[in-house]
Every structure is written in C-alpha cells, then in structure tokens.
Amino acid sequence: MLDMISIIFISLGAGLASEGLSWLLVYRTSAYQNLKASVERDTKKLDKIKDVGGQQKQARRLEDTLRQKNQELSMTKLKSNIPATLLFLALMNVLNNTYSGRVIAKLPFEPLSFVQGISHRNLDGDDMTDCAFIFFYILCGMSVRTLLQKALGLAPPRGASQGPSLWQPPK
C-alpha cells in the first residue's frame, strides 16, 4: 500500500515538473497565447455557422483554417513534450530499479493478454492480477498529467480536437 501511495506522489511530482516545464517553454509565450485565442475564436465562429446552416463553403474554409492552427498548436507544444517525456522515462528507469520484482497492487480483473506483459513485468508467479510498478506508474502518469492540465487551466482549447475521431463515423 505504501508503494502505491509513493508512486502516486512521485507521478504527481513528475507531472507538476512536466507542466511547469511546459508552462515555461510554451504556455506563457505570446505566440501560443495568440494561437490559442485564435483557435477558440474560430471554434465559436464555426459553431455559429453550423447552427445557422446553409453556409457550407464558409464552414469548410473555417474547418481547414482550424485544422492548420491545431497543427501549429501541436507543433508548438511538441517543444515541451520532448523534455517531459525524457523526464518520465528517466524517472521510470530509476523507479524500475527500486520497485523491480515487487507487487505494487492487486488488480480486480485479469488484464487482456497483450497488456499482461506490462502489468506483470518482472514479477514472479502466475497470478496475472498482480500489478507491477511499470503498469501502475504509466497509468498514474497519464491520468495525473491530464488532471493537472485541467486543474491548472493548461488543457488545450475546446476546438483543438476538431480532427477526425476514432469514435465518430466518417462523413
């Protein structure tokens, strides 16, 4: 139990460091602020056009512009994602040496076969509900960073995910 809590706090600390680095390199720059404001403004325009209907040519043009701006936004954020990923991997290597071979948690289910390689890595025994450090750390890292971005107001603008989704049928 203590191992789980320490990994959660380590993930939280790494997430704060990562978001601090992102703020320093990306979010505080005027270029990012202008681009973010532009995406939000264009998203509102597009929503108004779609509500009114009939202006499909203008809506298509605005969607293309939004797509370009979202691509620029992604490229701008890439600057901070590279050091954040390196921090995550370095910390994972250090923690792997510390927690290798120890059961960190007990899963309430048996993971799918292709996930078992990560969830049961470096553990002895055949109980696939035993959770290794690496699986727990990856899950904590992904969820903590997302929650921190929302809490600190650093989440991408609402229109930033205007691209195609896996869950929507193609048009």
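Is C131 buried or exposed? C131 is buried, with a relative accessible area of 1%; here buried means under 20% relative accessible area, exposed over 50%, and partly exposed in between, for a 1.4 Å probe and protein chains only. The model is predicted: local features need pLDDT of at least 70 and side-chain atom pairs count only at pLDDT 80 or more, while totals for chains, interfaces and linings use all residues. Residues are numbered from 1 along each chain as its sequence is written, and side-chain values use heavy atoms, with hydrogens and water left out.

**Cysteines**

- The count of disulfides is 0, a disulfide being a pair of cysteine sulfur atoms within 2.5 Å.
- C131 is in no disulfide, and the nearest cysteine sulfur, that of C140, is 9.0 Å away.
- Because of that 9.0 Å separation, the sulfur of C140 is too far from the sulfur of C131 for a bond.
- C140 is buried as well, with a relative accessible area of 9%.

**Nonpolar cores**

- A nonpolar core is a set of buried Ala, Val, Leu, Ile, Met, Phe, Trp, Tyr and Cys residues joined through side-chain atoms within 4.5 Å.
- The largest such core has 15 residues, and those with the most contacts inside it are I7, Y99, I104, C131, F133, F136 and Y137.
- Helices α1, α3 and α5 (133-151) each supply at least two residues of this core, and α5 gives the most, with 6 residues.
- Leaving aside residues up to four places away in sequence, C131 touches R102, V103, I104, A105, L107, S119, L123 and F136; contact means heavy atoms within 4.5 Å.
- A second, separate core has 12 residues, among them V26, I49, A59 and L66.
- In soluble globular proteins, nonpolar side chains tend to be buried together.

- Helices (H or I, at least four residues) and strands (E, at least two) are DSSP runs, numbered from the N terminus.
- Helix α1 has 26 residues and reaches 35 Å from its first C-alpha to its last, close to the expected 38 Å; the expected span is 1.5 Å times one less than the number of residues.
- The buried residues of α1 include D3, I7, S11, A14 and V26, and the buried residues of this helix pack against α2, α3 and α5.
- Helix α2 (residues 30-52) has 23 residues and reaches 33 Å from its first C-alpha to its last, close to the 33 Å expected.
- Among the buried residues of α2 are Y32, L35, K36, D42 and I49, and the buried residues of α2 pack against α1 (2-27) and α3 (56-99).
- G53 follows α2 and has a positive phi, near 80°.

**Cavity and pocket**

- On a 1 Å grid over the protein atoms alone, a cavity is a set of points where a 1.4 Å probe fits but cannot get out, and a pocket is an open set with protein on both sides within 12 Å along at least five of seven lines; lining residues have an atom within 4 Å of a point.
- Grid points are joined across faces, edges and corners, and a volume is the space filled by probe spheres set on the points.
- The whole structure holds 1 cavity of 30 Å³ or more, and the largest cavity has a volume of about 50 Å³.
- Residues lining the largest cavity include N96, Y99, R102, L123 and F133.
- The second largest pocket has a volume of about 200 Å³; of its 13 lining residues, the closest to its centre are S18, A84, F88, G141 and R145.
- Helix α3 gives the most to the lining of the second largest pocket, with 5 residues.
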